[in-house]
Amino acid sequence: MSRLGRSLVVWAGVALATASAAADGAPKTSEVRVQNIEVRLSQAGPVVLLRVGNKAIPVFVDALVAESIQGALIGQKPPRPLSHDLMHTILQALDAKVSQVVITQKDGIFYGTLTVIAGKTARVFDSRSSDAIALAIRFKAPILLSPKLVDELGVELPGSGAKEL
């Protein structure tokens, strides 16, 4: 790998700390795939809703990340690349891609795990859940949740006309 390529990988590691190497990018059979993603405003601030069936996991994010996720969902290109756009471009330039994201929760905090495939090598990186979601959307990678997480934290949402949680 060239010196520039190594530098970019090191820079990417600052944003996404390496957790462990994965054997492959295949999802675990016990996880369910997020079917729809929405960004909404709530009284507590921007929230990303990860929908599975008739339930959604609310992930509260800051306004800048909400804007980045919403822009990716609707295919909007910002005048200058946001951090998630930059990471997407860097990974593509290195012939790498996010193959899946797994969102977990521990002690009231959501975590993201990104599986990145470069060539025949898959690596798993720890991430903020919001950053993992933003990158998954850009790579059209599946976002996975445990059924237990959906059962315990999933909320049933009112009809599609509702604007606020």
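Over which residues does pLDDT stay under 50? In this predicted model, pLDDT, the predictor's confidence in each residue from 0 to 100, stays under 50 over residues 1–25. For that stretch the model has 37 contacts (heavy atoms within 4.5 Å) beyond four places in sequence. Residues 160–165 also have a pLDDT below 50, and this stretch has 11 contacts in the model beyond near neighbours in sequence. Where pLDDT is low, the predicted coordinates should not be read in detail. For the protein chain, the mean pLDDT is 82, and 78% of the residues reach 70 or more.

Residues are numbered from 1 along each chain as its sequence is written, and side-chain values use heavy atoms, with hydrogens and water left out. As the model is predicted, local features need pLDDT of at least 70 and side-chain atom pairs count only at pLDDT 80 or more, while totals for chains, interfaces and linings use all residues.

Helices (H or I, at least four residues) and strands (E, at least two) are DSSP runs numbered from the N terminus, and two strands pair if DSSP finds at least two bridges between them. E3 and E4 pair in the antiparallel sense over 7 bridges, and a hairpin of 2 residues joins E3 to E4. Across this pairing, Ile 37 stands opposite Leu 50 in E4. Strand E4 (residues 45–52) also pairs with strand E5 (residues 55–60), in the antiparallel sense over 6 bridges; here the bridge partner of Val 47 is Phe 60 in E5.

Arg 51 has its place in strand E4. Arg 51 counts as buried because its relative accessibility is 18%, where buried means under 20% relative accessible area, exposed over 50% and partly exposed in between (1.4 Å probe, protein chains only). Leaving aside neighbours within four places in sequence, the contacts of Arg 51 include Asn 36, Glu 38, Ala 56 and Leu 157.

The helices complete the picture. In helix H3 (residues 83–93), the buried residues include His 84, Asp 85, Met 87 and Leu 91. After H3 comes Asp 95, with a positive phi near 55°.
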